[in-house]
Amino acid sequence: MLRITGATLVLPDTLIADGAVDVGADGRIAFCGRQADAPPVDPRGQVIDATGQYLAPGFVDMHVHGAAGHDFMDGTPAAFEAVLAAHARHGTTTIVPTNTVGRHDQILAFLECCRALVRAGPDASRGLPRVAGAHLYGPYFAEEKVGCHPRLTRPPTRDEYLQYLAYAPDALMVATCAPELDGAADFYRDAAARGVRLNAGHSNATWDEMAAAHALGVRHVDHLFCAMSNYVSVRTRFAPPYRGGMLEFVLATPDMTTEIIADGRHLAPELLRFAVTMKGADKVALVTDASRAMDMPPGAYRFGPTDGGESFYHDGEVGLTLDGRSLASGARGMDHMVRHMHRVAGLDLPTAARMASLTPATILRIEREVGSIEVGKLADFVLLDQADLRVRSVYVGGAAIPMA
Ligand SMILES: [Zn+2]
């Protein structure tokens, strides 16, 4: 039993000063509210005074590739644990490991690691957050929108993808496919039949192709504005009239959700605000899209597997292609995204934090378990200093992770 007291609670729509949270022996929230309204402290329990801090829900990252020198595509338990522990120190308590384009055997090794960690569950003593399940992200991208991924994109073929979908639904929860590829419709049908959430991304799809994908269950577009189509880019495929692309389709379709990389380098503040204004904070999740360069010094790194990944340059804030002209993945933790949305994009703190917690949890359909500070949910918290919003401590299931 644990009580954290004195903190300002960050709820989805409001702040509660002088708050208190109780965690039961089951690792779930037993009370949250004003300290003055809290039940008597359990004498056998631990009390932590968090005066001067915000107590926010642990962050949920649904699009993330690596950190601390490792990429999930390295495909080993040691690499996975290093990435997970690094993100947990930035406040992420639920993580959806995301592969890159790669060889078939590399993607299978990635999925195998995901399954082992989903089954093992979180381990706060070793700094390991929850692994919700994998995001199969590529290899089914449009070649012209491959971005910084290894040049091994291919259209979905049943022989190959059924081996990936065998990990669904527990170890594989989300899959991205470019709608215009041959075989995309079959892929969406087969994935949906196994309970996998469907995304469109790395695509130059037209409005009509997006509408067909939507009819098959696609409800989310990866990293809004990045590696996706709009009315200008689809002109490379079709003569006039101007046609809508993914951007127009997402903005105009109420049940489509999306995500933004709010690192301050991918999108200017007006585009971050534009996304929230157009879709609402409940339909736009913050994602890190972090590569192995996160928490590492500037220098050259590989995006994707050590064996066959694409080289890029990390300038200390973001990944760039070697010619310096294009972005090549994120290098910041989720705490940075929340600070940026609050301070630079100008959102209130509950909304900025919600976009990193309840919004992605709802998109992933795990909001009954995680994503907000609410009685009955898992006690996953991030404590932020009220002065600078830096992460002070992180709890997974009511247990603190080592921060060193
Ligand atoms: Zn991407």
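This is a predicted model: local features need pLDDT of at least 70, side-chain atom pairs count only at pLDDT 80 or more; totals for chains, interfaces and linings use all residues.

Q: OK, how is the protein divided?
A: There's domain 1, made of 2-55 + 388-400, and domain 2, covering 58-367. The C-alpha centres of the two domains lie 31 Å apart.

Q: How many residues are in contact between domain 1 and domain 2?
A: On the domain 1 side, 13 residues are in contact with 18 residues of domain 2.

Q: Which strands supply the domain 1 side of that?
A: S24 and S25 each give at least two residues to the side of domain 1 that touches domain 2. The largest share comes from S24, with three residues.

Q: And how do the residues on that side divide?
A: Ten are nonpolar, two are polar and one is charged.

Q: Switching to the sheet. What order do the six strands come in?
A: The order is S3-S2-S7-S23-S24-S25, in an open sheet with mixed pairing.

Q: Which strands stand at the edges?
A: Strand S3 (15-16) and strand S25 (399-400). Each has a single partner strand, so one side of each is left without a neighbour in the sheet.

Q: In what sense do S2 and S3 pair?
A: Strand S2, residues 8-10, pairs with S3 in the antiparallel sense, over two bridges. If you want a spot to look at, find Leu 9, which stands opposite Ile 16 in S3.

Q: Now helices. What span should H1 have?
A: Helix H1 takes in residues 77-89, which is 13 residues, and at 1.5 Å a residue it should span 18 Å. The end C-alpha atoms of H1 are 18 Å apart, which agrees.

Q: Which residues of H1 are buried?
A: Ala 79, Phe 80, Val 83, Leu 84, Ala 86, His 87, Ala 88 and Arg 89.

Q: What covers them?
A: The cover includes strands S8 (59-64), S9 (66-67), S10 (70-71), S11 (92-97) and S24 (391-396), plus helix H2 (104-120).

Q: What about the glycine that follows H1?
A: That's Gly 91, and its phi is positive, near 100°.

Q: Where's the hairpin with another glycine like that?
A: Look at S21 and S22: there are six residues between the strands, and Gly 324 takes a positive phi near 75°. Strand S21 (residues 318-320) and strand S22 (residues 327-330) pair in the antiparallel sense over two bridges. Val 318 stands opposite Gly 330 in S22.

Q: Which residues have a positive phi although they're not glycine?
A: Two to look at are Ala 227, with a phi of about 50°, and Asp 295, with a phi of about 65°. Ala 227 is in the loop between S16 and H6, while Asp 295 is in the loop between strand S18 (284-286) and strand S19 (299-303).

Q: Is Ala 227 buried or exposed?
A: Buried, because 22 other C-beta atoms lie within 10 Å, and the cut-off for buried is 20 or more.

Q: And how does Asp 295 count?
A: Asp 295 has 18 C-beta neighbours inside 10 Å, so it counts as partly exposed.

Q: Last topic: which peptide bonds are cis?
A: Look at the bond from Ala 168 to Pro 169, with omega near -5°, and the bond from Pro 240 to Pro 241, with omega near 10°. Pro 169 is in the loop between helix H3 (158-165) and strand S14 (172-176). Pro 241 is in the loop between strand S16 (218-221) and helix H6 (246-252).

Note on methods:
Residues are numbered from 1 along each chain as its sequence is written. Two strands pair if DSSP finds at least two bridges between them. Helices (H or I, at least four residues) and strands (E, at least two) are DSSP runs, numbered from the N terminus. The expected span of a helix is 1.5 Å times one less than its number of residues. A residue is buried if 20 or more other C-beta atoms lie within 10 Å of its own, exposed if 12 or fewer, and partly exposed in between; C-beta atoms are placed from the backbone. Two residues are in contact if their C-beta atoms, placed from the backbone, lie within 7 Å. Domain bounds come from an automatic or database domain assignment. Ala, Val, Leu, Ile, Met, Phe, Trp, Tyr, Cys and Pro count as nonpolar, Asp, Glu, Lys and Arg as charged, and the others, Gly among them, as polar.
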